[in-house]
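Visitor: I would like to learn how to read a protein–DNA model feature by feature. Could you take me through one, giving the general idea and then the case at hand?

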Number of protein chains: 2
Amino acid sequence: MVFRKNNVLSASQEDYLEAILNVADGSGMARSTDIAVSLGVAKPSVTGAIKLLAHRGLVNYKPYGCVTFTQKGFSQAGRVAQRHEIIKSFFMDVLGVDAAVAQKAACKAEHLLGPVIISRMRDFTNLTKRNARRRRNPTRIAKVKGAKR
Amino acid sequence: MVFRKNNVLSASQEDYLEAILNVADGSGMARSTDIAVSLGVAKPSVTGAIKLLAHRGLVNYKPYGCVTFTQKGFSQAGRVAQRHEIIKSFFMDVLGVDAAVAQKAACKAEHLLGPVIISRMRDFTNLTKRNARRRRNPTRIAKVKGAKR
DNA sequence: CAGGAATGTTAGTTATGACTAACATTTTGT
DNA sequence: ACAAAATGTTAGTCATAACTAACATTCCTG
């Protein structure tokens, strides 16, 4: 296993971070097999990926032990998960595609859309939802003092 | 060079098809060096990719000659370029990001967004543009008989 | 039309990230 | 507590897709 210096996470590495976050789900620790199942890869692939993430200081690796995040790793994983959520919501709430399609597309798009597009998507989703609420219940919002139109 | 049977084009292969289309620009034939420059890769990478596309029946390859599309390759390249355009326009006209960012993101997203999302993007862009026209010139459209509001 | 410049190819290498088979360790059920 | 099951690792391989160095071909230009 040779490690090279490169500061940017690959799509694959981001996927692993995200999977660890999902699998750990609050407990803060993830098992190798669960990660493998979650990503649909074989166990040895997980070992390799974890070692790489450990080398980058994003997770704590101990042979035969559970994987835990470092602080840096945790915040990085959070950012990826946030991007995922924003994209998925945008696809669902703005474009109106169904959850499964949105989920799948978000998994791929989260690795390549930059901050500008992501933030526009977030704004757009919020706007769309706000408008939807207003349409459902126009009086309630119209009554709010000083509501921007 | 070993060729394996797999019907789906990789992102890289789609990039080459698109580059050939852009470089050929009507003439229908593309030179290796121009493709290399267009994609920012070295010349030997182009040779390899072209051979692969030729093996799949998408382009005609003759050593030291220009590359031309087969019918199949031409329509496939067209579909990729169309996806690219739809995504780019969506990012620009709907999300309002600038051309350079939209272009770059479209280059990557075009390989992974499925038909459902692409078609919603197209509809959305058209709708947005229509509305923009209406806002610019309200009377003309307001006069149309039975226009929905 | 000869010879250098431009263009294209071959051969061999590297990086990433998956896989399987076989082995090591840990956990669990009786 | 100990054997079997579950879990994790190592070693070796494969696929994709890039790269460089060196060689081959084609093209221009004097």
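Guide: Let us begin with what contact means here, namely heavy atoms within 4.5 Å. The model is a predicted one, and in it the contact between the chains draws 17 residues from chain A and 17 residues from chain B.

Visitor: What is the area buried between chain A and chain B, and what percentage of it do carbon and sulfur atoms give?

Guide: The size of an interface is often given as the accessible area lost when the parts come together. Here the area buried between chain A and chain B is about 1500 Å², and carbon and sulfur atoms give 82% of it. On the side of chain A, the three residues A:Leu95, A:Leu112 and A:Ile117 supply 36% of the area that this chain buries against chain B, which is more than any other three residues supply.

Visitor: Which elements supply at least two residues each of the surface near DNA strand C?

Guide: They are helix H1 (11–24) and helix H3 (43–55) of chain A, together with helix H2 (32–39) and helix H3 (43–55) of chain B; H3(B) gives the most, with four residues. By class, this surface has nine nonpolar, eight polar and four charged residues. At DNA strand D, the largest share of the surface, four residues, comes from H3(A), and the residues there divide into nine nonpolar, eight polar and four charged.

Visitor: What part of the atoms of DNA strand C within 4 Å of the protein belongs to sugar or phosphate, and what to bases?

Guide: For DNA strand C, 76% of those atoms belong to sugar or phosphate and the rest to bases, while for DNA strand D the sugar or phosphate part is 77%.

Visitor: Which atom of DNA strand D lies 3.1 Å from a polar side-chain atom of A:Lys43?

Guide: That atom is a base nitrogen. The side chain of A:Thr47, by contrast, has an N or O atom 3.0 Å from a phosphate oxygen of DNA strand D, and a polar side-chain atom of B:Ser12 lies 3.4 Å from a phosphate oxygen of DNA strand D.

Visitor: Finally, at what angle do the axes of H1(B) and H2(B) cross?

Guide: The axes cross at roughly 115° and come within 9 Å, and the crossing is right-handed. Among the residues making this contact are B:Tyr16, B:Ala19 and B:Ile20 of H1(B), with B:Ile35 and B:Leu39 of H2(B).

Technical notes. Residues are numbered from 1 along each chain as its sequence is written. Chains are lettered from A and ligands numbered from 1 in the order in which they are written. This is a predicted model: local features need pLDDT of at least 70, side-chain atom pairs count only at pLDDT 80 or more; totals for chains, interfaces and linings use all residues. Side-chain values use heavy atoms; hydrogens and water are left out. A residue is near a molecule or strand if one of its heavy atoms lies within 4 Å of it. Ala, Val, Leu, Ile, Met, Phe, Trp, Tyr, Cys and Pro count as nonpolar, Asp, Glu, Lys and Arg as charged, and the others, Gly among them, as polar. Axes are lines fitted to C-alpha atoms, for helices over the stretch in contact, and angles run from 0 to 180 degrees between N-to-C directions. A crossing is left-handed if the near helix is turned anticlockwise from the far one by less than a right angle, and right-handed if clockwise. Buried area is the accessible area (1.4 Å probe) that two parts lose on being put together, summed over both. A polar contact is a pair of N or O atoms within 3.5 Å; within protein, one must be able to donate a hydrogen and the other to accept it, and residues adjacent in sequence count only if both atoms are side-chain atoms.
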